[in-house]
Amino acid sequence: MPKRSHDAPITVVNRFDVKGDTGRFERAFRDHSQYLRTREDFHFLVTVQLVEHPQVYVHLGHWRTMRGFLDTVHDDTFQAQVRKLAPMVDTEADQAVSVVRTVTEDAVVGAANVVLTRATVHGDPHVFERQFGETNQHLERLGGFGGSDLLRSTLRPDVYTAIQWWRDSDACERALDDSGHRAAARMLARNAELSVERTRHVAYERVLS
């Protein structure tokens, strides 16, 4: 795999399985997120909590450059915050790049209006990406769809992380119950192994200006 430029954008995907009090974790992680927002080349972050497994959180940190991310992880403040968070969680991490991003409107924070999909593609990845884009077009026609981001792992190029969001929980519920959406999901599953999880929207925050 060719080496990525340090000037290229990167998304860091962290999955946290909280061992104890989720409220304590959310408070500590919010402090960490606010620090990230001050860093050079940070872009925006999204944090969600699984509905069926509320001890599990997924955080997507978007950086304008790999260089900005690497500079931050070597910073003393970052290292101190990681040491504070580490005993609270078991962590799974990935790095990815956005290949299909659609943004129409924001999602209400606190609602169960975000769907997270992990896909391991067995066939042509370009076919999977095209089908995912077509699925979003159908969702837009249903109303209330806020957008999506399809991220391809730089560590395992056959693995994708997709996040789709709706204005509120009701719009998300209608879309998930739609027969056309279910048919589109079956189409995607022909080309990939899918894990689909409904989540609560915890945070969406951009870089501090």
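## Start of helix H3

Helices (H or I, at least four residues) and strands (E, at least two) are DSSP runs, numbered from the N terminus.

Keep in mind that this is a predicted model: local features need pLDDT of at least 70 and side-chain atom pairs 80 or more, while totals for chains, interfaces and linings use all residues. Numbering runs from 1 along each chain as its sequence is written, and side-chain values use heavy atoms, leaving out hydrogens and water.

H3 covers residues 76–85, and its buried residues (under 20% relative accessible area, 1.4 Å probe, protein chains only) are Phe-78, Gln-81 and Leu-85. They line one face of the helix, because they fall within an arc of 65° seen down its axis, going by the directions from the axis to the C-beta atoms. These residues pack against H1, H2 (66–73) and strand S4 (89–103), with contact meaning heavy atoms within 4.5 Å.

On the other side, Asp-76, Arg-83 and Lys-84 are exposed, that is, over 50%.

## Aromatic pairs

There are 9 aromatic pairs in the structure; ring centres must lie within 6.5 Å, with planes under 30 degrees apart called stacked, over 60 edge-to-face and the rest tilted. Phe-25 and Tyr-57 make a tilted one, 5.0 Å centre to centre with 50° between the planes. Phe-25 sits in H1 (22–36) and Tyr-57 in S3 (56–63), so the pair ties together parts 32 residues apart in sequence.

Phe-25 is buried at 2% relative accessible area, and Tyr-57 is buried at 1%.

Note on methods: Phe/Tyr/Trp six-rings, centres within 6.5 Å; stacked < 30°, edge-to-face > 60°.
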